[in-house]
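Please look over the structure below.

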Amino acid sequence: MKKMILTALAALMVSTALLAANQVLIVPDEFPAMEHVASKLQSEEKISSQLVWQTNLPPELSVYSAVLVYIHRGLDEKAEQAFIGYTQAGGKLVVLHHSISSGKRKNKDWFKFLGVSLPEADVDAGGYKWIEGVTQQLVHLAPDHFITTHKVVYPEQIAFKAAGETQERTLPGVTLKESEVYINHVLAGDKTRTRLLGFKYTDKSSGKTYMQTQSGWLKPSGKGWIVYLQPCHSLHDLENPVYERIVLNAVIWKP
């Protein structure tokens with residue numbers, strides 16, 4: 001009898017692990033946008049999701065096919081280390097919007113792990129700035145990558161020239177309204193990072209147009225991968241079918 005019970009428990013543990021392996025873990029501190037993502041993953045990709053607060057993480061993240069981080073306020077040190085450990089052990093970490101924000105400067109390892117800095121200076125001197133309630137245009141920078149191409153149809157052609165480029169390009173893109181733009185994310189110059197999306201934004205008060213290539217990227221970390229997508233200020237960004245599809249692609253992409 002004891003042997004039968006142990007066998008049954010072992011089978012249950014294997015079954016539970018296999019179930020989680022087909023699941024995505026979503027860690028938000030604001031839920032409507034991520035509930036939308038979970039619903040679309042289920043309806044479009046037949047992938048189930050588990051949504052938890054960062055203070056209630058499962059003890060083992062390695063069983064999840066992807067972990068999405070959508071944390072606006074402070075990032076707890078325990079969660080920070082869990083996300084880093086999961087990625088470096090072979091996991092796929094999808095970091096959305098304000099999971100890179102000024103409040104995370106106080107975290108010991110987060111920005112170093114991501115290869116990002118947010119300079120503290122005036123925006124025109126290269127300092128980081130966020131502006132909400134704006135219209136921004138996303139441009140497609142990676143024409144051969146699954147995340148930005150699978151089932152994605154860009155409705156616009158956008159004139160774009162980033163810093164260091166000598167000629168303006170016309171790139172496929174999409175306009176997001178009532179969004180939030182992050183200006184002057186500084187990315188470490190590692191050659192392993194792939195830039196997926198850029199943005200074009202004109203500030204109404206100054207008339208200045210910003211064009212930068214930091215709105216979407218991916219990079220390896222240890223045995224795993226980090227994917228960052230900047231838009232996702234609210235559910236409104238995700239109601240755009242182009243951007244919604246890009247987020248779903250980040251989750252289902254197989255490195």
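Helices (H or I, at least four residues) and strands (E, at least two) are DSSP runs, numbered from the N terminus. The expected span of a helix is 1.5 Å times one less than its number of residues.

This is a predicted model, in which local features need pLDDT of at least 70, side-chain atom pairs count only at pLDDT 80 or more, and totals for chains, interfaces and linings use all residues. Residues are numbered from 1 along each chain as its sequence is written, and side-chain values use heavy atoms, with hydrogens and water left out.

**Overall build**

The protein has seven helices and twelve strands. Its C-alpha trace spans about 75 × 40 × 35 Å along the principal axes.

How much of the protein is buried? Of its 255 residues, 50% count as buried. Buried means under 20% relative accessible area, exposed over 50%, and partly exposed in between (1.4 Å probe, protein chains only). The accessible surface comes to about 12,500 Å², and 55% of this belongs to carbon and sulfur atoms. Areas come from the Shrake-Rupley method with a 1.4 Å probe; for residues, only the protein chains shown count as cover.

Contact means heavy atoms within 4.5 Å. Among contacts between residues at least 6 apart in sequence, 67% join residues at least 24 apart.

| Helix | Residues | C-alpha end to end | Expected span |
|---|---|---|---|
| H7 | 241-252 (twelve residues) | 16 Å | 16 Å |

Which residues of H3 are buried? They are Ala-79, Glu-80, Phe-83, Ile-84, Tyr-86 and Thr-87. Seen down the axis of H3, these buried residues fall within an arc of 160°, so they line one face of the helix. The arc is that of the directions from the helix axis to the C-beta atoms. Exposed Glu-77 and Lys-78 sit on the face of H3 turned away from the buried side.

The buried residues of H3 pack against several elements, including strand E1 (23-28), strand E3 (66-70), helix H4 (110-114) and strand E11 (209-221). Just after H3, Gly-90 has a positive phi of about 125°.

In H7, eleven of the twelve residues are buried, so this helix is largely enclosed by the rest of the structure. Among them are Tyr-243, Glu-244, Arg-245 and Asn-249. Asn-240 caps the N-terminal end of H7, with a side-chain oxygen 2.9 Å from the backbone nitrogen of Val-242.

**Two strand residues**

Leu-51 lies in strand E2 (residues 48-51). Leu-51 is partly exposed, at 27% relative accessible area. Beyond its neighbours within four places in sequence, Leu-51 contacts Ile-26, Pro-28, Phe-31, Met-34, Glu-35 and Ala-38. Val-24 is 27 residues from Leu-51 in sequence, and their C-alpha atoms are 8.6 Å apart.

Gln-214 belongs to strand E11. Is Gln-214 buried or exposed? Gln-214 is buried, with a relative accessible area of 14%. A polar atom of its side chain lies 2.7 Å from the backbone oxygen of His-185. Not counting residues up to four places away in sequence, Gln-214 touches His-185, Leu-187, Arg-195, Leu-197 and Tyr-228.

Note on methods. A polar contact is a pair of N or O atoms within 3.5 Å; within protein, one must be able to donate a hydrogen and the other to accept it, and residues adjacent in sequence count only if both atoms are side-chain atoms.
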